[in-house]
Amino acid sequence: MAAMKPRTGDGPLEVVEEGRSIIMRVPLEGGGRLVVEIAASEAAELHEALEGVIG
């Protein structure tokens, strides 16, 4: 029987390039991670949208 590990959102935001995709792992409050796979063009659009909010 495998050891049960707590699922926490603790840890850094991770972004890695795998093949032609960019994988982003975002820790969530309450535990777990949101995993998003996006293309480079979508990452550029996300970058522009975030710049508009954070300046």
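Student: How many helices and strands are in the chain?

Tutor: Helices (H or I, at least four residues) and strands (E, at least two) are DSSP runs, numbered from the N terminus. The chain has one helix and three strands, in the order β-β-β-α from the N terminus on. This is a predicted model, in which local features need pLDDT of at least 70, side-chain atom pairs count only at pLDDT 80 or more, and totals for chains, interfaces and linings use all residues. Residues are numbered from 1 along each chain as its sequence is written, and side-chain values use heavy atoms, with hydrogens and water left out.

Student: Which strands pair with β2?

Tutor: Two strands pair if DSSP finds at least two bridges between them. Strand β1 (residues 14-18) runs antiparallel to β2 (residues 21-27), with five bridges joining them. Seven bridges join β2 to β3 (residues 33-39), also in the antiparallel sense. Ile-22 of β2 is the bridge partner of Glu-17 and of Ile-38 in β3.

Student: Which residues take a positive phi in the hairpins?

Tutor: Gly-19 does so, near 65°, in the hairpin of β1 and β2, where two residues lie between the strands. In the hairpin of β2 and β3, with five residues between them, Gly-30 in the turn has a positive phi of about 95°.

Student: How does the span of α1 compare with the expected one?

Tutor: The expected span is 1.5 Å times one less than the number of residues. Helix α1 (residues 40-54), with 15 residues, reaches 21 Å from its first C-alpha to its last, close to the 21 Å expected. Just after α1, Gly-55 has a positive phi of about 80°.
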